[in-house]
Amino acid sequence: MSPDLFNLPFVKLIIPTVLATLVIVSLLALWVMSTRRHRSDRYQRGWFSRIAYIAFIVCVAVLSITAFGSIVREGHMQHYALIAHTSGAGAFVFLLIAVSATYLPRGSATRDNWTVEQWSAWILVLVSLCTVATMLISMVPVLDTQGMNQALVVHRFAGLATAMVAIVHLFSLVAGRLGYR
Amino acid sequence: MTKRYQVLSSIASFSQVRPLLRRNSSVPLLALLLALLAVDNLFAQNRYATSDSMAGYVHWIDLYDESNNKIDSNENSRPYSPEKTCGRCHDFKTIAHGFHFNAALPTANSDVGRPGLPLIWNDPRTGTNLPVSFRGWPGTHKPQDLGLSNWQMSAKFGGYMPGLTAPTGEAAQAPTGSIDRTKITGNLPIDCMLCHNRPGSGYSPFVWTEQIQDQNFAYAPTAALGLGVVTGNMRRLKDDVDLNSDEVKEQLPKLKYELEKFRSDGKVFIDLVRKPANESCYYCHTSASSNSPQGTRWQHDDDIHLRAGLKCSDCHRNGLDHQTVRGFEGEKHVSGTFAASLSCQGCHIGDDNSKSVGRLGAPKPAHKGLPPLHFEKLSCTACHSGPQLNDEIGRQILSSAHHLGDHIKRTGNELPAIYGNVMLPVNETGSPVDGDSGKYTPHRMMWPSFWGVVRDGKLQPLNPEQAYELVRKPLKIRKDFVDELSEVKLTLSQRKQILGDDKAARMKTEELDEKQRKLIEEAEAGERKKQIDDRMIAALKEIETAMPGSQAVYVSAGQGIVKTDDGKLSNLPEEKLGTLADPYAWPSAHMVRPAQQSLGATGCQECHGKDSQFFFAKLKPIGTLPGQETNEITVHELQKADIQRLAQWSQMFEGRSAFKIASLIAFALTCVITVSALAVNLSSSWRKSTR
């Protein structure tokens, strides 16, 4: 079972991707702090949205640690990591409804929000849908072993992308909350 | 002058003519030697004529005895020798080093692959069931470690072996004190016809077994082939007999050939096949449920491969070298990767570069919806092979262990008790590991029972023959350890005392009323326990007297039974028992079920349920000692699985179907929300652009 996509070895990509994301976020933070543009008419979300989003981020964190931590350490997920991951995955599917409903940009209401926030929200929802879709299709007797392996590869890369984009989106929300954007 | 001699001569003369001994004489000498070896090897391979026709060769052949004399049915009463007869046309020396024959050769056991069926030294007189193997698989005992000679192994197990190639040199020396009657009986011959006979030709493997039991080693191939009738046996000859004396010659077995089997020119028709028929394999390799002697065989289906028309030898192949492919994953074979193509994966799945996938018409399984992690945790046989999972692990009977083929009344519960299938995790070498690692593979298993001693803190089994000599008198056993040890007969005075009635005391137990019968049975049970305890203590004491400084033990069903200082029986602590009392397990395959009957075909909860038989099936070891109490074991204890984690994992499968539906709905809803948000944004952008 090859965990590669386009011959890119997944295990070797995890740490560099995380580091690259953190570097990008750091650079963004520096840029944001040096070019502060506070908006008083920024779109404010309710408490339900915020709680759902926090739960969503916690879910992403749990799923990422259990998945990527296991892969880096043992090559694949098993035992309690697998139990935690599948438990978190269930919550992720349902929390995604709330996040997509409340954080996807909607015309004039969120028009003035930061561009990074808007684009990262779209990418977050789309890659999350891809991550969920690959697992849902694996749970029904549709794909054969080769298909399951390919779905797993896509799931891994989509999951990695979800985690990285979630970091960027969270940063953008924090930057807006702190008044930098 | 043969062509071989001409070529060799020319090479030799060439080196003489040319003054090659100039500066460095060793180089041309080495080249000469290599050339001679190469040529010799080339001609050795071509030494045997072959027909090379798919039609085969019709074997009207002369028979030869072990002295290479042609057998004349009228005058020569010596049995035919497969080595001298078949060996005239077939490279017997190469064949004799094949897997079925080479167990006693030290060089053959350097890489023995995964554990397999042991030879079970079963002695009903002493209650011994000891797994023995030349191969040295963990959990088995090597014959030389027990002080058993190759001859003893041949005499004990040769009835279910096609032959045994005798080692030479130091390896041929029998352990000190062992029984070795090779000078009387000869070595166990390799009988080609045991495998290569055509079913229905009249070859009887059971006759082979009978002759080996009579120690008529040399006569067995002839008798089994039906060429003649053998009367008498070597068994009655004493160890120190002089075979050259006239008196002894009269006592040797007599062979009378069937004259009608010989053609007018003295040749005999040997009805054989190149590829052994399944029936030939079955004689040594039958396994059946223990209730099949009660007539349940018709309820079991054949292996799916046999139904598809395959034969045993289609997968378990070999070339002239007779290194039969065993077919397990990761098998190292002299053919290199070819053997891998004959495993389950090799035929059905192959690898990315495999050109052999689909051979013999093997369908490629889709395994739709099965997470690939299962292929790392389960062998193919775990889901597809053997009896379906049950609440209780059943018992099985096997050819060599239970002497199937022998015409006796069988209940199926004869010892040794062999259980199967038990799912156990093993590593790449086939050694058991704990449940967190390894691949679950179905196994058969048995608990050994034997007499031994604890010396220097370590348990060692006794030589079974030595154990018999020590314990037979104190145990007062003639034939059967279990039956005779538990057989009690109350005296008349005892019955009078129990029943309080002289008339009733003289009646047969089955004629008494229920209350009286119960009294008698209780009394017999008490006497039985006392008898067993007294005789076992006496036997253990006898061993300790013969072996001062050691503690005698009888191992049975995972327990070590010892005598205490106050004259009672007790169990040896586990730390002293070590691993020798642990069950020996070996992977089982075959009896492959069709896909619709494979494990998990009805859903994930077959294995991932809270009471799944995969982890929670039970088995109760049968103690050889009558009245021995044993505890029921749940399979996960043998698997050393983390049962708490399993329970948590199983919980997640409850409501899984409902969760799938809810997740699909949630996914669809999210898609709708996403699309609607996209539509809103697009329309907003469009309106903005048109203003």
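Trainee: In which helix of chain A does A:Leu19 lie?

Mentor: A:Leu19 lies in helix H1 of chain A (helices are DSSP runs of H or I with at least four residues, strands runs of E with at least two, numbered from the N terminus). First, the ground rules. The model is predicted: local features need pLDDT of at least 70, and side-chain atom pairs count only at pLDDT 80 or more, while totals for chains, interfaces and linings use all residues. Residues are numbered from 1 along each chain as written, chains are lettered from A and ligands numbered from 1 in the order written, and side-chain values use heavy atoms, without hydrogens or water.

Back to A:Leu19. Its relative accessibility is 48%, so the residue counts as partly exposed (buried is under 20%, exposed over 50%, partly exposed in between, with a 1.4 Å probe and protein chains only).

Now for contrast, the interior. In chain B, nine of the nine residues of strand S9 (418-426) are buried, so the strand is largely enclosed by the rest of the structure. S9(B) belongs to an open, antiparallel sheet of five strands, ordered S7-S8-S9-S10-S16. Its edges are S7 (287-289) and S16 (584-587), each pairing on one side only (pairing takes at least two DSSP bridges). The twist averages 50° from one strand to the next (between axes fitted to C-alpha atoms, on a scale from 0 to 180 degrees in N-to-C directions).

S9(B) has S8 (394-398) as an antiparallel partner over three bridges. Here B:Gly394 is partnered with B:Gly420, and B:Gln396 faces B:Ile418.

Last, the cores. The largest nonpolar core has 51 residues, and B:Leu63, B:Tyr80, B:Met153 and B:Trp208 touch the most other members (buried Ala, Val, Leu, Ile, Met, Phe, Trp, Tyr and Cys joined through side-chain atoms within 4.5 Å). Helix H10 (220-225) of chain B contributes the most, four residues. A second, separate core of 44 residues includes A:Phe10, A:Cys59, A:Ile97 and A:Tyr103.
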